[in-house]
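This briefing covers ring pairs, nonpolar cores and strand pairing in one protein model. The points are grouped by topic.

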Amino acid sequence: MQQLSGQDASFLYTELDFTPMHIGPLLIYDPSTTKDNFVRFRDVLATFEKSLDRSTIFRRKLDPVPLGLDQPYWVDDENFDLEFHVRHIALPKPGDWRQLCIQVARLHSRPVDRTRPLWEAYVIEGLDNVEGFPPGCFAVFMKMHHAAVDGATGAEVMAALHDLEPYPKKRLPYKKAAPAEAPGQLEKLWRASLARVRSPLDMAKLVSKGLPAWRRVQAGVKANKFKLLGEKERTRFNGPITPHRVFGAAVLDLKEVRRLKNTVEGATVNDVVLSVVGGAMRHYLMDKGELPEKSLVAGAPVNVRDPSEVGTGGNVVSAMSISLCSDIADPLQRLRAVHEGAIASKAYLDAVGARLMTEAFQSMPADLAALGMRAALASGLIAQMKPIFNTVVT
C-alpha cells in the first residue's frame, strides 16, 4: 500500500474534460525481424502478461480518501483484466503515416478509466505504407496517466516490456500474488487527520528552505551566474484548449544531431533539440505574424530521484525554464545561446534546490490543493495569467 505524493496527486487535480493528463509513447515494430516473420496479438498479450511484476504501474489502481481529505492510495486491482488494458485495432487501407497520426490523436484525446490501473495499450496493425518501414509493421501506442509515471518511471515501463537481446532467456510466467490489503475508510480518515496536523509543520519547513533558496538566487543574479527570464510572452500556444489533440513527428538522425552539437564546444544533444524547437516555433509564429520580440521559454522536466527511489513509481521531478532563443535567426548563434542559457538554468535550479518543487506539492492539504487547482483551471484564470513557459520540451 502506497500513498500518492502531492506531486502525483496534482496530475489528478489538474485533469479536466479538456485537459487529459496522460503521456503516450508510440512504438513501431517490424515483425519481419523475428524468427517467425510475424507477431500475433496473443504474443503481445503474452509479453505484457510476463511483465506485470516488473513495473508498479500495471496492476495498481486508485483508492480515494473520503471527501478528498487526503491524497489517494495505490492499491492492487483485485479484478485486473489484461485484455481491457491491451487492445487490438487496425488502420484502414492504405495504412499510411497520416492515418496513424490521426488514430493516435483520437486515442490520446480520451482520458483513461480512473476506476482501473491508469494505463492502456493499443496494438495498431496495418502499417503497410509508412515511409521508412516495410509493409506489415505494427505500432503500440501506450497511455499512462502522469499521476502514475514521470519520464524516468515511463522509461522503466519501456524497459520492463523489452529485452536487449534478440533471443533472451525465457522469462518466468507471471505469478499472481495475493493483493495487498487496502486501508479501510476509518484508517484513511485517521491518516488524513494526522496529515492535517503535520501540514503547518511541513509548510514551516518549506518556508525555512525557501528563504535560503531566495538568498542563493539573489546572490547568483548579482554574481552573473544566471539571469532571471522575467515575464514570458503569451502566444497562441498558451490560450484555452479543447480536449482534442493532434499528433505528429519528425525523424532526426542521431549522428547528425551529434555532429551539430560538436560545432559548439560543450554543447549537448539536448541543446541541439532545444535549438531545433526554438527555430521551428520561430518560423511558425513568423508565418502567422505573431513572433514576440522576446524569446520563447521552454519548461524542461528534470528527474531528481535519489537511488533509493528508483522503481517506486510516481513522480519525483522538478523543472528548468530554458530560453529557446527564438529571437535569434541564425541557427549556429541560436545553438550557442541555448547552450549558454542551459548552463545558467542549471545553476539557477541548483540555487533554488532541485527538490523544492516536489516538497512544495507535498506540504499542501489535499482538498485545498485540489479545489484551488480546479478553480483556477475551470474559471479560465490561468489562461489570463502570464504563462510560466510557452511549451514543454521533454
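Phe-138 is buried, with a relative accessible area of 10%. In this predicted model, the structure holds six aromatic pairs, and Phe-138 forms one with Tyr-29.

**Aromatic pairs**

- The ring centres of Tyr-29 and Phe-138 are 5.2 Å apart and the planes meet at 20°, so the pair is stacked; the cut-off for stacking is an angle under 30 degrees.
- Tyr-29 belongs to strand E3 (residues 26–29) and Phe-138 to strand E8 (residues 137–145), so this pair ties together parts that are 109 residues apart in sequence.
- Tyr-29 has a relative accessible area of 25% and is partly exposed, whereas Phe-138 is buried at 10%.
- Phe-48 and Phe-58 make an edge-to-face pair, because their ring centres are 6.4 Å apart and their planes stand at 80°.
- Phe-48 sits in helix H2 (residues 41–51), while Phe-58 sits in the loop between H2 and strand E4 (60–63), so the pair ties together parts that are ten residues apart in sequence.
- Phe-48 and Phe-58 are both buried.
- Trp-119 joins Phe-48 and Phe-58 in a cluster linked by ring pairs.

**Charges over a ring**

- The ring of Phe-84 has the charged end of Arg-116 over it, 3.8 Å from the ring centre.
- Arg-87 also lies over the face of Phe-84, at 4.6 Å from the ring centre.

**Nonpolar cores**

- The largest nonpolar core has 34 residues, of which Phe-48, Phe-58, Trp-119, Met-142 and Val-157 touch the most other members.
- Helix H1 (6–13), H2, strand E7 (119–127), E8 and helix H5 (151–161) are the elements that give two or more residues to this core.
- Leaving aside residues up to four places away in sequence, Val-157 touches Ser-55, Ile-57, Phe-58, Met-142, Met-144 and Val-149.
- A second, separate core has 13 residues, among them Leu-285, Leu-296, Ile-322 and Cys-325.
- As general background, nonpolar side chains in soluble globular proteins tend to be buried together.

**Sheet E1-E5-E4**

- This is an open sheet of three strands in the order E1-E5-E4, and the pairing is antiparallel.
- Strand E1 (2–3) and E4 are the edge strands, each with a single partner strand, so one side of each has no neighbour in the sheet.
- E4 pairs with strand E5 (residues 73–76) in the antiparallel sense over four bridges.
- Opposite Val-75 in E5 stands Lys-61, and opposite Asp-76 in E5 stands Arg-60.
- E1 and E5 pair in the antiparallel sense over two bridges, with Gln-3 standing opposite Tyr-73 in E5.

**Sheet E10-E9-E11**

- Another open sheet of three strands has the order E10-E9-E11, with mixed pairing.
- Strand E10 (317–323) and strand E11 (391–392) stand at the edges with a single partner strand each, so one side of each is left without a neighbour in the sheet.
- Strand E9 (residues 297–303) and E11 run parallel and are joined by two bridges.
- Ala-298 stands opposite Thr-391 in E11.

**Gln-71 in the loop between E4 and E5**

- Gln-71 is found in the loop between E4 and E5.
- Gln-71 has a relative accessibility of 6%, so this residue counts as buried.
- The side chain of Gln-71 makes a polar contact of 2.4 Å with the side chain of Tyr-13.

**Phe-80 in the loop between E5 and H3**

- Phe-80 lies in the loop between E5 and helix H3 (82–85) and is buried, with a relative accessible area of 15%.
- Residues touched by Phe-80 are Leu-52, Phe-58, Arg-59, His-85, Pro-117 and Trp-119, not counting residues up to four places away in sequence.
- Two of these contacts, Phe-58 and Trp-119, belong to the cluster linked by ring pairs.
- Phe-80 and Arg-60 are 20 residues apart in sequence, and their C-alpha atoms are 9.0 Å apart in space.

Note on methods: Residues are numbered from 1 along each chain as its sequence is written. This is a predicted model: local features need pLDDT of at least 70, side-chain atom pairs count only at pLDDT 80 or more; totals for chains, interfaces and linings use all residues. Side-chain values use heavy atoms; hydrogens and water are left out. Rings of Phe, Tyr and Trp (its six-membered ring) pair if their centres lie within 6.5 Å; planes under 30 degrees apart count as stacked, over 60 as edge-to-face and the rest as tilted. Buried means under 20% relative accessible area, exposed over 50%, partly exposed in between (1.4 Å probe, protein chains only). A charge sits over a ring if NZ of Lys or CZ of Arg is within 6 Å of the ring centre and within 35 degrees of the ring normal. Two strands pair if DSSP finds at least two bridges between them. A nonpolar core is a set of buried Ala, Val, Leu, Ile, Met, Phe, Trp, Tyr and Cys residues joined through side-chain atoms within 4.5 Å. Contact means heavy atoms within 4.5 Å. A polar contact is a pair of N or O atoms within 3.5 Å; within protein, one must be able to donate a hydrogen and the other to accept it, and residues adjacent in sequence count only if both atoms are side-chain atoms.
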